[in-house]
Amino acid sequence: MSHFTNGDTSSKIKAIETAYRGYKFRSRLEARWAIFFDTLHLKWVYEEEGFDFIDTPVVYCGDEILYTGYYLPDFYFPDLNYYVEIKGSTATQQEMYKCAALSHIKDCTVFIFDSGMFLPGSTGFDFDAPYSSRFQKGEFSDYPMMWMKCDKCGKIDIAFDGWVHYSTQCRCYDDNNRKKTGGSNHIDICSAYVKALSARFEHGEQP
Ligand SMILES: [Zn+2]
């Protein structure tokens, strides 16, 4: 996937280990995402468990392979059964394989956010909020998945293109009642990005 060059690009140049809330993140971008998740009151754990894959079936762009290797995922969301991987630049094929293998082994959904972090609606591009690839049951799909919040029930999810009616966490809207406003550009989502993007880490600790 392509990525934008606006927003927080510091991690593309050099990953700076960053302390936040007692965790040592491998990059400032990861720490910014942690602030984003906290602002939305999402429950997460960081680098909780590593996985050793041996001949794990993976489907990537139509190719079936058996993946063997080690993987320590970034964030796990116990309430959603999602893993989220943060990349400072476009994910490599090996990284894609790891995420697909994890989704197979753990029967969960895995996302790689490799678009950088930027404010929804600030780019003028089609993908108007930070976006991710999605992995389910060992299979990669190149849909742009975005954090969104439903303006009816308040559920937060990662949904296709940030549209509320694609969320699997709420059933407030359907295809006849399509809803993007109040999705990836929900005021709370935008506020969380503002807080994460404006955090300062110069003195090492809290934003
Ligand atoms: Zn809802």
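Predicted model: local features only at pLDDT ≥ 70, side-chain atom pairs only at ≥ 80, totals over all residues.
## Helix α3

Let's start with the helix itself, which covers residues 93–106. At 1.5 Å a residue, its 14 residues should span 20 Å, and the C-alpha atoms at its ends are 20 Å apart, so expectation and model agree.

Now look at its surroundings. The buried residues of α3 are Met-96, Tyr-97, Lys-98, Cys-99, Ala-100, Ala-101, Leu-102, Ser-103 and His-104. The cover over these buried residues includes β4 (51–60), β5 (63–71) and β7 (82–86). It also includes β8 (109–113), β9 (132–136) and β10 (139–149).

## Strand β8

Next, find β8 in the structure. Five of its five residues are buried, so the rest of the structure largely encloses this strand. Thr-109, Phe-111 and Phe-113 point one way from β8, while Val-110 and Ile-112 point the other way.

## The neighbours of β8

Which strands pair with β8? One partner is β7, joined to β8 in the parallel sense over five bridges. Here Tyr-82 stands opposite Thr-109 of β8. Together, β7, α3 and β8 make a right-handed β-α-β unit.

Another partner is β9, which runs antiparallel to β8 and is joined to it by five bridges. In this pairing, Val-110 has Phe-135 of β9 as its bridge partner.

Notes
Residues numbered from 1 in each chain as written. Helix = DSSP H or I, 4+ residues; strand = E, 2+ residues; numbered from the N terminus. Expected span 1.5 Å × (residues − 1). Buried ≥ 20, exposed ≤ 12 C-beta atoms within 10 Å, placed from the backbone. Contact = placed C-beta atoms within 7 Å. Pairing = 2+ DSSP bridges. Right-handed = clockwise from strand over helix to strand, strands pointing away.
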